[in-house]
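Student: I've got this one open on my screen and want to go through it with you, a bit at a time. Keep it short and give me the cut-offs as we go.

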Amino acid sequence: MRRSGAPRCWERTEFNLEERRYLWLLLLPVALVLAVFLLWPLFLVLWESFFVEGTFSLDNYLSLFVRKLYRESLATSLSLSFLTSFLGVLIGLPISYAVYKSGRAKGFLMALTAIPLTLSGLVVGFAFIVLLGTSGFFTLLLKKWFDINPLEFSAFLFTWRGLVVAYLYFLIPRTILTMVVAWSNADWSLIEAAESLGASRATIARRVLLPMLAPALLSGSSLLFAVSMGAFGTAFALTGTAVKILPMIIYTHVSDMSADIAQADALAVVLTLVTTLVIVGYERFFAVKSPR
Amino acid sequence: MMGPERSVGVALEGIGKRYGSAWAVRDISLSVGAGEFLSIVGPSGCGKTTLLRLVAGFVRPDEGTVRLGEQPVNDVPVRERRVGLVFQNYALFPNMTLYENVAFGLKAQNRSATEVRRRTSDLLEMVGMADRAQSYPRQLSGGQQQRIALARALAVEPRVLLLDEPLSALDAKVRNSLRFEIKRIQRDSGITMIYVTHDQEEALSISDRVALMRKGALEQVGTPIELYSDPCSLFAADFIGVSNLLKGESDGEGGFLWKGHRFILETPVERGPASLMIRPERLFLAPEGVAGANVIEALVQGRVFLGPITRFSCNVEGEPLLLDLLNVAGAGLKVGERVRLHFEPSDSCVLQDLKETVPEGVN
């Protein structure tokens with residue numbers, strides 16, 4: 001190892017074999033945290049899901065096929081998450097481009113974009129009630145100006161449509177943050193080359209721009225999907241148990257008088273598995289299509 | 001080989017482009033003949049890339065007119081200019097095979113399927129990459145990628161080909177061979193090429209004419225030989241090639257005064273402070289015992305071996321003079337040796353300091 005001067009932080013530091021044997025020690029703190037706060041609880045959830053009143057059983061999983069409520073809530077969760085992640089990317093993409101192009105305002109806009117991500121889902125839900133609820137700020141303003149019926153107007157907020165709107169509030173910023181990075185890393189000379197070859201805007205978008213953004217769109221929409229699947233607070237504030245999404249069913253099993261923790265565990269396992277499978281399948285499907 | 005519309009010349013008429021309050025380029029008037037190979041050279045930040053992007057259409061001039069052939073193109077968008085582009089980073093489409101890359105422009109312009117097939121194969125053949133048609137760009141070396149980029153740009157029969165530092169990212173060997181391949185393609189196809197580079201040696205070796213830029217303005221335009229042997233300013237003399245610049249004074253009567261010497265000039269120049277330029281290969285060792293004009297006594301202080309030549313640094317009263325000698329048998333000087341250097345009046349060139357003292361026209 002010849003080296004002139006001290007190694008700099010961006011240089012790849014090489015260790016000899018003797019040193020390498022102790023390298024794993026550096027990973028120990030993070031490994032411990034992950035083990036105690038992620039793996040152990042996950043294991044507990046998984047373990048407990050297999051017991052009904054102290055004896056081993058698969059009933060908690062079989063009930064998925066028996067009880068219509070579980071199947072329907074899984075379907076509701078899936079369709080809500082697909083819809084919101086699709087809309088989140090669709091709306092967030094042009095905004096992310098505008099933020100990327102905003103010049104000096106970019107830092108400020110990025111910071112602004114991050115704010116919704118710091119709010120608890122419950123707060124987001126109540127914020128929507130305050131703004132668009134029956135006696136919400138905008139509802140009353142619209143009543144004053146256009147004489148709308150507040151009850152009719154704000155009814156949507158407490159249905160699945162309201163959930164879509166409120167979810168987008170914290171999904172769109174996630175799209176923006178991921179895609180601004182993608183725009184910054186984009187190779188614009190590809191676009192210029194295509195332009196000089198006489199390609200139309202549509203051709204450039206489809207054949208050059210989209211493939212270029214594909215990896216970021218892929219990971220971005222996966223993230224949105226996962227967030228949607230697990231979101232709970234917003235739905236709790238807006239629709240209570242009226243819209244039956246899977247996290248809400250889990251919640252009722254944990255909190256009800258007739259608490260069924262083991263059933264809640266099984267549903268949590270199903271939620272985790274389905275989310276993971278969808279994301280892995282989705283990324284596989286598209287990764288095959290774009291040769292990288 | 002070219003399509004119905006052959007390559008055309010490019011004319012820049014009083015071009016200026018401003019970013020905020022600073023002019024990136026200003027007062028540029030330059031015409032490039034049809035089928036000509038023109039290089040634009042200059043230090044980084046001199047505006048050469050801006051000039052290229054003005055011709056391509058990515059940058060719109062604040063002043064003046066860009067013409068392709070007779071047609072003013074200020075308002076013509078890039079995709080309708082029919083101007084080819086080659087970038088420093090190749091800019092190949094990573095999601096397409098080499099074949100698809102070359103065929104991209106033809107398909108985008110809705111050429112017939114047979115024409116797409118024929119021209120794509122022809123072009124891949126021309127750059128010697130026919131056997132790799134189904135590879136992806138990432139599987140290629142930099143030099144190969146740049147060949148494909150050339151083929152892709154030429155496939156659509158552009159009227160002008162613009163190259164922005166196309167060889168700067170390549171290693172020396174590839175750079176050299178590809179340089180002459182570009183020249184060959186240009187000669188065979190008769191296409192007008194504008195070639196931007198910061199490498200003056202590259203520019204001198206392949207261009208019909210070279211345009212030297214400095215701080216957004218044209219410093220000198222001419223053939224490689226003109227720029228090398230007859231630079232118009234100290235900057236040009238310094239940027240193009242290696243030169244000895246002796247800061248002294250012209251006496252107005254055909255002599256140049258420097259450190260107590262009086263050198264004879266080929267033609268008298270106006271009296272006043274000036275610099276005398278002598279290229280290191282135009283200095284010779286004066287024959288033994290011969291005294292006369294344009295002889296300088298010097299002490300050899302250092303030597304650099306450069307392959308075909310050795311460059312000696314000779315000290316004349318504290319000022320270094322560079323001397324190039326061919327590495328032929330029996331030649332060579334020792335460090336510490338005293339030498340007498342000689343040059344012909346026709347091999348020197350007086351550069352008045354005028355340009356240096358005038359405030360910059362740019363910024």
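Student: Let's start with Glu157(B): buried or exposed?

Tutor: Count the other C-beta atoms, placed from the backbone, within 10 Å of a residue's own: 20 or more is buried, 12 or fewer is exposed, and anything in between is partly exposed. Glu157(B) has 20 of them, so Glu157(B) is buried.

Student: What kind of model is this, and which pLDDT goes with side-chain atom pairs?

Tutor: Residues are numbered from 1 along each chain as its sequence is written, while chains are lettered from A and ligands numbered from 1 in the order in which they are written. The model is predicted, with totals for chains, interfaces and linings using all residues, local features needing pLDDT of at least 70, and side-chain atom pairs counting only at pLDDT 80 or more.

Student: What about Asp27(B): which strand holds it, and what is its phi?

Tutor: Asp27(B) belongs to strand β2 (residues 22-32) of chain B. With 15 other C-beta atoms within 10 Å, Asp27(B) comes out as partly exposed. It isn't a glycine, yet its phi is positive, at about 55 degrees.

Student: Which way does α3(B) run relative to α5(B)?

Tutor: Axes are lines fitted to C-alpha atoms, over the stretch in contact for helices, and angles between N-to-C directions run from 0 to 180 degrees. For α3(B) and helix α5 (residues 142-155) of chain B, the axes are 7 Å apart and the angle is about 25 degrees. Under 35 degrees counts as roughly parallel, over 145 as roughly antiparallel, 65 to 115 as roughly perpendicular, and the rest as oblique. The label for α3(B) and α5(B) is therefore roughly parallel.

Student: Which residues of α5(B) make that contact?

Tutor: Two residues are in contact if their C-beta atoms, placed from the backbone, lie within 7 Å. From α3(B) come Leu98(B), Asn101(B), Val102(B), Phe104(B), Gly105(B) and Leu106(B), and they meet, on the α5(B) side, Ile148(B), Ala151(B), Arg152(B) and Ala155(B).

Student: Over in chain A, how do α4(A) and α9(A) sit relative to each other?

Tutor: Helix α4 (residues 68-100) of chain A and helix α9 (residues 160-185) of chain A have axes that come within 6 Å and cross at roughly 45 degrees. That angle therefore makes α4(A) and α9(A) oblique.

Student: How many residues of chain A are in contact with chain B, and what classes does the chain B side have?

Tutor: 18 residues of chain B are in contact with 16 residues of chain A. On the chain B side, α2 (78-81), β6 (83-86) and α3 (98-108) each supply at least two residues. Sort residues with Ala, Val, Leu, Ile, Met, Phe, Trp, Tyr, Cys and Pro as nonpolar, Asp, Glu, Lys and Arg as charged, and the others, Gly among them, as polar. The chain B side then splits into 12 nonpolar, five polar and one charged.

Student: Which residues does Ser135(B) touch?

Tutor: Ser135(B) is in the loop between α4 and α5 of chain B, and 15 other C-beta atoms within 10 Å make Ser135(B) partly exposed. Leaving out residues up to four places away in sequence, Ser135(B) touches Thr97(B), Leu98(B) and Leu140(B).

Student: Zooming out, how far apart are the C-alpha centres of the two domains of chain B?

Tutor: Chain B has 10 helices and 20 strands, and 39% of its 363 residues count as buried. An automatic or database assignment sets the domain bounds. In chain B these are domain 1 (10-229) and domain 2 (242-357). The distance between their C-alpha centres is 39 Å.

How values were computed: Helices (H or I, at least four residues) and strands (E, at least two) are DSSP runs, numbered from the N terminus.
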